[in-house]
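Here is a short briefing to read with the model open beside you.

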Amino acid sequence: MDLDQGAGATLETRAGSHAFYEGASAATTLGYGQNYLGPILRARRGGTARVSLANRLDAPVATHWHGLHIPGSMDGGPQMAVAPGAGLTRELEIDQPAGTYWYHSHTHGLTAEQVYQGLAGFFLIEDPEAPDPGLPDELGVDDLPLAVQDRNFSPEGHLRYSSGGMMMMNGMKGDAILVNGALRPVASVPGGLVRLRLLNGSNARIYHFFFEDGRGFHQVASDGGLLQAPVAMERLTLAPGERAEIVVDFSTGGTRLLSADDNNAMMGMMGGMMSRIMGGGSSPDNIRGADGFEIMSFEVDPARRAARTSLPATLPGAPNGEMAEPVARRRISLEMMHGMRGGGGMMGGMMGGRGGDSPGPFSINGKPYDMGRIDVAAKLGTTELWEVVTDGMAHPFHVHGTSFKVLNVDGRAMDFATTGLKDVVLVRERAEILVPFNRPADRQTPFMFHCHILEHEDNGMMGQMTVS
């Protein structure tokens with residue numbers, strides 16, 4: 001769906017139904033203008049994307065434009081929830097590199113469940129003034145946006161969601177893998193180079209993508225746009241909220257995309273056992289041996305002609321990563337078990353969850369999320385150095401309204417040529433990032449920064465930031 005200043009688009013958040021696999025009953029789902037997920041939105045740099053949001057649900061919905069460099073008043077944070085039966089229109093001025101972005105629910109306390117039920121979609125930005133990077137670009141033919149999500153189903157095929165107990169601590173992980181809402185789909189591709197825009201749209205699962213036949217591929221873009229040159233690899237890790245564009249050569253035939261499974265990082269065997277008891281298996285049921293589980297398959301269609309047969313050595317128009325010297329340094333500590341040092345202990349806190357007078361078990365710098373509190377006041381037009389630390393579990397850290405440069409992660413210096421601009425970074429112990437502030441945000445509509453495990457965000461691991 002193309003967006004422009006004239007017609008724009010109207011997105012209705014609504015309830016629907018969807019049968020996720022053959023023989024399944026229709027599950028109750030949510031979507032933006034459709035039964036599950038939302039349409040692909042396309043906008044152009046230098047233009048204004050006009051989007052009208054109408055809420056047809058019985059609950060409020062805030063819609064966040066993830067990765068877009070727009071003011072806080074347009075960003076779609078929790079303060080901007082649309083009440084049931086109401087609507088609003090946003091004029092999104094697009095001025096950032098071409099790339100793969102997305103939109104999703106960001107409703108305070110309901111983000112995880114609403115995204116799980118289907119409130120998410122792609123937002124693609126094109127730059128008509130940038131030089132041609134020489135990549136496959138026919139959407140739906142050799143340029144495929146792929147939203148990868150794990151879900152848990154009842155025997156009848158209904159979506160099952162739980163946010164209590166171990167699901168809160170580890171985040172909700174399902175035992176079935178969906179791509180664009182389909183269970184283990186098969187894509188027909190031309191026998192040449194194909195661009196895959198991979199989005200980890202899961203609530204909590206980390207994916208380690210690779211191909212069954214061992215073929216290599218090239219990453220050509222990250223969260224914030226193109227890399228400066230294609231990067232050869234055989235495995236790609238994406239945490240929740242992250243995106244990557246890869247180019248795969250199918251001239252030798254089709255194959256299957258798999259992922260390794262290591263998602264019991266917090267509690268080990270206990271976490272896996274408790275997850276299954278509470279309705280969210282930690283390992284997908286489509287395991288094929290010890291080496292991985294299936295994401296989807298690709299089959300070559302001889303009738304489809306490949307437009308690209310070779311990759312360029314460099315990608316013109318890619319961001320160069322240059323940033324101003326930081327004017328301040330901040331420490332951002334992502335913490336679990338907040339408020340559990342007293343009565344009740346860890347298990348009591350896990351079972352209690354959010355609600356009532358409980359602030360939730362998670363915090364940043366010792367403070368669980370408070371919509372009425374500003375945690376960071378940054379100066380417009382400056383850059384800061386943020387040190388992000390965790391307390392024993394890997395967390396994908398996201399900052400709204402900007403793209404940052406990753407300097408180091410868990411003791412390893414990061415090369416901008418291989419990471420590009422980011423808005424989510426997976427931190428297991430410690431990371432340093434350079435964060436530029438080029439869009440304003442006031443106290444009424446601040447930017448968020450938070451863990452992108454959605455159950456962690458809903459339960460307190462989030463802060464608010466003004467930029468002025």
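How much space lies in the largest cavity? The answer is about 50 Å³, with volume taken as the space filled by probe spheres set on grid points that are joined across faces, edges and corners. Please keep in mind that this is a predicted model, in which local features need pLDDT of at least 70 and side-chain atom pairs count only at pLDDT 80 or more, while totals for chains, interfaces and linings use all residues. Residues are numbered from 1 along each chain as its sequence is written, and side-chain values use heavy atoms, with hydrogens and water left out.

**Cavities**

- The structure holds two cavities of 30 Å³ or more; a cavity is a set of points, on a 1 Å grid over the protein atoms alone, where a 1.4 Å probe fits but cannot get out.
- Lining residues are those with an atom within 4 Å of a point, and for the largest cavity they are L53, A62, T63, W65, M74, G76, M80, L88 and R90.
- Six nonpolar, two polar and one charged residue make up the lining of the largest cavity, where Ala, Val, Leu, Ile, Met, Phe, Trp, Tyr, Cys and Pro count as nonpolar, Asp, Glu, Lys and Arg as charged, and the others, Gly among them, as polar.
- The second largest cavity has about 40 Å³ of space, and its lining consists of T13, L53, A54, N55, V61, A62, T63 and V82.
- Strand β4 (residues 48-55) supplies the largest share of this second lining, three residues, and the classes are five nonpolar, three polar and no charged.

**The open sheet**

- Four strands form an open sheet of mixed pairing, in the order β3-β8-β7-β5; two strands pair if DSSP finds at least two bridges between them.
- At the edges are β3 (41-44) and β5, each pairing on one side only.
- From one strand to the next, the twist averages 25°, based on axes fitted to C-alpha atoms and angles running from 0 to 180 degrees between N-to-C directions.

**Strand β7 and its partners**

- Strand β5 (residues 63-66) runs antiparallel to β7, joined by four bridges; H66 stands opposite W102, and H64 has H104 as its bridge partner.
- Six bridges join β7 to the antiparallel strand β8 (residues 120-126), where F122 stands opposite W102.

Conventions. Helix = DSSP H or I, 4+ residues; strand = E, 2+ residues; numbered from the N terminus. 1 Å grid on protein atoms, 1.4 Å probe; cavity = no way out; pocket = protein on both sides within 12 Å on 5 of 7 lines; lining within 4 Å.
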